[in-house]
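Me: I would like to learn how to read the features of a protein model. Please take me through them one at a time.

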Amino acid sequence: MGTIKAEKTVTGWAARDSSGVLSPYTYTLRETGPEDVYIKVTCCGVCHTDIHQVKNDLGMSNYPMVPGHEVVGEVMEVGSEVTKFKVGDIVGAGCIVGSCQQCKPCKSENEQYCNKKIWSYNDVYTDQKPTQGGFAEAMVVDQRFVVHIPEGMGAEQAAPLLCAGVTIYSPLKHFGLMQSGLKGAILGLGGVGHMGVKLAKAMGHHVTVLSSSDKKREEALAHLGADDYLVSSDSAKMQEQFDSFDYIIDTIPVFHPLEPYLSLLKLDGKLILMGVINTPLQFVSPMVMLGRKCITGSFIGSIKETEEMLEFCKEKKLSSTIETVKLDYINTALERLEKNDVRYRFVVDVVGSKLT
């Protein structure tokens with residue numbers, strides 16, 4: 001199996017239109033090139049971005065589309081110039097499967113910001129074939145965009161880390177927020193948010209969960225280990241926390257006001273946006289000026305950061321909180337995810353699913 005380089009016909013679950021409904025779809029993977037790795041997919045996490053893409057929320061969707069960008073699987077074949085991986089390795093692939101390798105972001109190991117990056121699905125590869133994601137039996141990925149899954153880490157646990165995990169880890173590292181003793185907040189307790197609590201706590205931070213309701217209080221405090229829980233509509237409690245946070249990681253993927261949260265930041269505090277929102281957000285400038293506060297954003301993370309994050313999670317014995325489903329449940333899973341009815345990340349057991 002390590003030397004067969006022909007194109008391969010595979011089956012995945014694809015959306016055919018903006019209804020976002022997925023069903024079995026057979027297509028051809030490109031030939032395994034010299035630097036490519038052919039991966040038999042074991043499992044794949046389900047991200048809120050998958051909903052945006054299959055439903056054309058951003059107006060850029062192309063169909064048929066096989067979603068899925070938190071992919072863990074086994075290497076079944078490697079190209080002649082592959083040096084990082086061998087047949088039998090357990091590996092992961094995330095949101096990006098290609099970049100120009102020439103621009104400043106690429107040369108500084110920030111390839112996720114390359115203007116010519118190639119998405120793992122809903123994009124076109126260098127051979128002009130559409131890319132398709134991990135809700136399928138196999139993928140072919142350039143070795144530069146594949147990572148080793150640490151020994152002893154379960155595939156289902158590792159999958160959400162390839163997007164949700166590194167999405168949190170990258171800004172904490174980039175903005176110098178990894179030292180212990182900081183006071184941080186996580187706004188939104190979904191797939192990304194729950195990993196935010198776990199990672200920040202493992203770094204020694206005092207972590208508050210910010211939410212619009214009280215319904216996840218016990219989960220945040222008793223199960224995820226948050227230090228505090230703050231309901232944004234409780235004006236008295238919010239007032240008590242004014243000017244106290246070093247950072248707030250905002251994972252909310254829908255429109256919401258920023259001003260209540262900006263007031264919580266101390267001098268030079270950072271509000272880090274992570275939710276993909278297709279409507280403008282608003283704030284009045286004195287909220288930022290009178291405290292030299294920063295509204296910034298961060299997008300997933302680099303391959304180097306992904307590798308670091310996986311090792312950090314192994315060292316700290318961190319895992320995702322997941323619900324495992326089969327591919328024939330994926331449409332229900334997407335509906336539930338849209339309603340925030342999951343604790344906290346769906347992971348599709350691809351290898352255990354009937355594909356047709």
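**Reading the features**

Reply: Start with a position: Met-60 sits in the loop between helix H1 (48-54) and strand S4 (71-78). Helices (H or I, at least four residues) and strands (E, at least two) are DSSP runs, numbered from the N terminus. This is a predicted model, in which local features need pLDDT of at least 70 and side-chain atom pairs count only at pLDDT 80 or more, while totals for chains, interfaces and linings use all residues. Residues are numbered from 1 along each chain as its sequence is written, and side-chain values use heavy atoms, with hydrogens and water left out.

Me: Is Met-60 buried or exposed?

Reply: Buried means under 20% relative accessible area, exposed over 50%, and partly exposed in between (1.4 Å probe, protein chains only). Met-60 has 56% relative accessibility, so it counts as exposed.

Me: Which residues make a nonpolar surface patch?

Reply: Patches are made of residues with over 30% relative accessible area and no salt bridge; like charges are joined within 9 Å, nonpolar side chains (Val, Leu, Ile, Met, Phe, Trp, Tyr) within 5 Å. Accessible areas come from the Shrake-Rupley method with a 1.4 Å probe, and for residues only the protein chains shown count as cover. Here Leu-58, Met-60 and Val-276 make a nonpolar patch of about 250 Å².

Me: Where are the cis peptide bonds, and what is omega there?

Reply: One joins Tyr-63 and Pro-64, with omega about -5°; Pro-64 is in the loop between H1 and S4. Another joins Arg-343 and Tyr-344, with omega about -10°. Tyr-344 lies in the loop between helix H11 (330-338) and strand S17 (345-349).

Me: What does Lys-55 touch, leaving aside its neighbours within four places in sequence?

Reply: Contact means heavy atoms within 4.5 Å. With those neighbours left aside, Lys-55 is in contact with Ser-18, Ser-19, Gly-20, Tyr-63 and Glu-338. Lys-55 is in the loop between H1 and S4.

Me: How do I read the buried side of a helix?

Reply: An α-helix has 3.6 residues a turn, so residues three or four places apart point the same way. In H11 the buried residues are Ile-330, Ala-333, Leu-334, Arg-336 and Leu-337. Seen down the axis of H11, these buried residues fall within an arc of 165°, so they line one face of the helix. The arc is that of the directions from the helix axis to the C-beta atoms. The buried residues of H11 pack against strand S1 (8-15), strand S2 (22-29), H1, strand S16 (322-325) and S17.

Me: What follows H11?

Reply: Asn-340 follows H11, and its phi is positive, near 60°. Asn-340 is not a glycine, and its place is in the loop between H11 and S17.

Me: How many salt bridges are there?

Reply: Side chains of opposite charge can pair when their charged atoms come close. A salt bridge is a side-chain nitrogen of Lys or Arg within 4 Å of a carboxyl oxygen of Asp or Glu. By this rule the count is 18. One of them joins Lys-173 and Glu-308, whose closest N and O atoms are 2.9 Å apart. This pair links distant parts of the chain, with Lys-173 in helix H4 (residues 164-174) and Glu-308 in helix H10 (residues 303-316), 135 residues apart.

Me: Which residues are linked in a network of salt bridges?

Reply: Glu-323, Arg-336 and Asp-341 are. Arg-336 is also one of the buried residues of H11.
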